[in-house]
Amino acid sequence: MQPDDAPLFAQIDARRAALIELTQSLIRIPTLNPPGQNYREICEFLAGYLQNAGFTVQLLRATGAIADSESHPRWNLLARREGTRPGDCVHFNGHHDVVTVGHGWTTDPFGGEVKDGRIYGRGACDMKGGIATAIIAAEAFVAAHPDFGGAIEVSATADEESGGYGGVAWMAEQGYFAPDRVQHVIIPEPLNKDRICLGHRGVWWAEIETKGRIAHGSMPFLGDSAIRHMGAVLAEIEEVLYPLLAGRRTAMPVVPEGARSSTLNVNAIHGGEPEPPAGYTGLPAPLVADRCRITIDRRFLIEEEIGAVKAEIVALMDRVQAGRPSFRYEIRDLFEVQPVMTDREAPIVRSTAAAIERVLARQPDYVVSPGTYDQKHIDRIGRLKNCIAYGPGILDLAHQPDEWIGIDDMMDSARVMALVLAELLLD
Ligand SMILES: [Zn+2]
């Protein structure tokens with residue numbers, strides 16, 4: 001610790017109980033997604049809290065966004081605190097939705113129980129603990145340095161767990177992340193207190209359908225089996241594509257290590273007759289399948305270009321077609337996200353790295369996430385490149401039973417975030 005950090009760290013230390021209580025309060029509002037419960041309640045709670053802390057607050061409904069409805073409106077909260085003079089704006093963004101509880105809990109998922117230095121509950125680490133940490137960091141910073149320049153923003157947004165379209169994407173479309181409004185973004189996802197997450201790999205989801213001709217199952221030679229065609233496609237994926245993808249390594253520091261190359265998962269396969277209705281006890285009908293579909297989930301690297309990723313699959317299908325005269329197919333795009341990776345020299349990365357060194361006395365690890373999160377919208381729609389995920393909590397615990405966050409980890413991360421504010425908003 002450097003001598004001038006002492007007043008700031010004293011403000012953080014004084015807020016340990018407040019940090020615990022705030023995290024518990026957030027966990028106790030069950031914001032399950034789907035369907036998107038209690039979004040208004042959690043935004044109102046945070047609005048009240050942040051207003052008391054001197055922030056100007058706005059409740060924003062993502063009217064017209066995917067999944068927004070009268071029964072489950074997509075509410076977001078934006079809070080802003082101006083400094084004493086113009087300067088940069090540092091924005092903390094956390095999603096307030098949580099995933100379903102699932103089975104296997106030994107604690108109350110919405111109880112916020114404190115045990116052995118941990119707070120338990122659905123969303124404890126992903127990411128209500130992170131939101132609380134950022135808020136306490138901001139409060140402590142303002143208390144220690146009321147003369148700061150620029151502005152601090154905190155947002156709590158909807159639907160990250162289902163794509164973020166009623167949350168960060170909508171806010172970015174409205175201009176809330178425009179580069180002239182916000183200059184630095186930290187998303188306190190649970191990436192561990194000593195790691196800086198620079199971005200994520202890209203995604204392409206598509207549905208591939210093979211087509212055949214229906215016939216009686218006792219005379220398959222009179223038909224044309226779409227399932228056999230799909231078998232040939234899967235064999236080509238297995239024998240040719242997988243080795244190719246595995247050999248394509250990235251310079252992105254993706255964790256876990258296995259995700260440091262291109263990957264493809266076949267999410268689903270459906271062919272032939274539909275599943276019989278529940279309770280049906282008869283036999284299936286003898287038919288040659290005229291349709292077979294797979295859904296693919298292709299994760300790609302910053303070194304790859306999405307056009308080439310798609311063309312590779314088309315080329316694969318064409319190879320299969322060359323050996324099967326009656327083969328026909330269709331590819332339908334479902335969803336795509338570009339890979340993003342913030343530059344290590346970006347101001348938010350440098351100041352967070354320096355703060356981690358000062359608080360934890362070690363160099364940070366730089367990581368990239370195998371899957372996407374809300375940074376994609378800030379990058380693509382908001383056009384803001386100075387964005388990272390940094391926050392307390394252990395990623396592996398996210399979405400698990402007995403999810404928890406360590407109180408000491410939150411305190412350390414709060415110190416790091418407060419130092420980042422000091423670095424970026426003080427002269
Ligand atoms: Zn999350």
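Me: What makes up the secondary structure of the chain, and what counts as a helix or a strand?
Reply: The chain has 10 helices and 16 strands. Helices are DSSP runs of H or I of at least four residues, strands are E runs of at least two, and both are numbered from the N terminus. This is a predicted model: local features need pLDDT of at least 70, side-chain atom pairs count only at pLDDT 80 or more, and totals for chains, interfaces and linings use all residues. Residues are numbered from 1 along each chain as its sequence is written.

Me: What share of the chain is called buried, and by what test?
Reply: Of the 427 residues, 44% count as buried.

Me: Why are α1 and α10 called oblique?
Reply: Helix α1 (residues 6–13) and helix α10 (residues 407–425) pack at about 140°, with axes 10 Å apart. Axes are lines fitted to C-alpha atoms, for helices over the stretch in contact, and angles run from 0 to 180 degrees between N-to-C directions. Under 35 degrees is roughly parallel, over 145 roughly antiparallel, 65 to 115 roughly perpendicular, and the rest oblique. The pair at about 140° is therefore oblique.

Me: Which residues make that contact, and what is their class?
Reply: L8, F9 and I12 of α1 meet M411, A414, R415, A418 and A422 of α10. Contact means C-beta atoms, placed from the backbone, within 7 Å. The classes are 7 nonpolar, no polar and 1 charged. Ala, Val, Leu, Ile, Met, Phe, Trp, Tyr, Cys and Pro count as nonpolar, Asp, Glu, Lys and Arg as charged, and the others, Gly among them, as polar.

Me: What makes β10 and β12 edge strands?
Reply: Four strands form an open antiparallel sheet in the order β10-β11-β9-β12. β10 (263–271) and β12 (328–337) each have a single partner strand, so one side of each lacks a neighbour in the sheet. The twist averages 15° from one strand to the next.

Me: How do you know that β9 and β11 pair?
Reply: Pairing takes at least two DSSP bridges between two strands. β9 (residues 202–211) and β11 (residues 291–300) have 10, running antiparallel. W205 is bridged to D297 of β11.

Technical notes
Buried ≥ 20, exposed ≤ 12 C-beta atoms within 10 Å, placed from the backbone. Contact = placed C-beta atoms within 7 Å.
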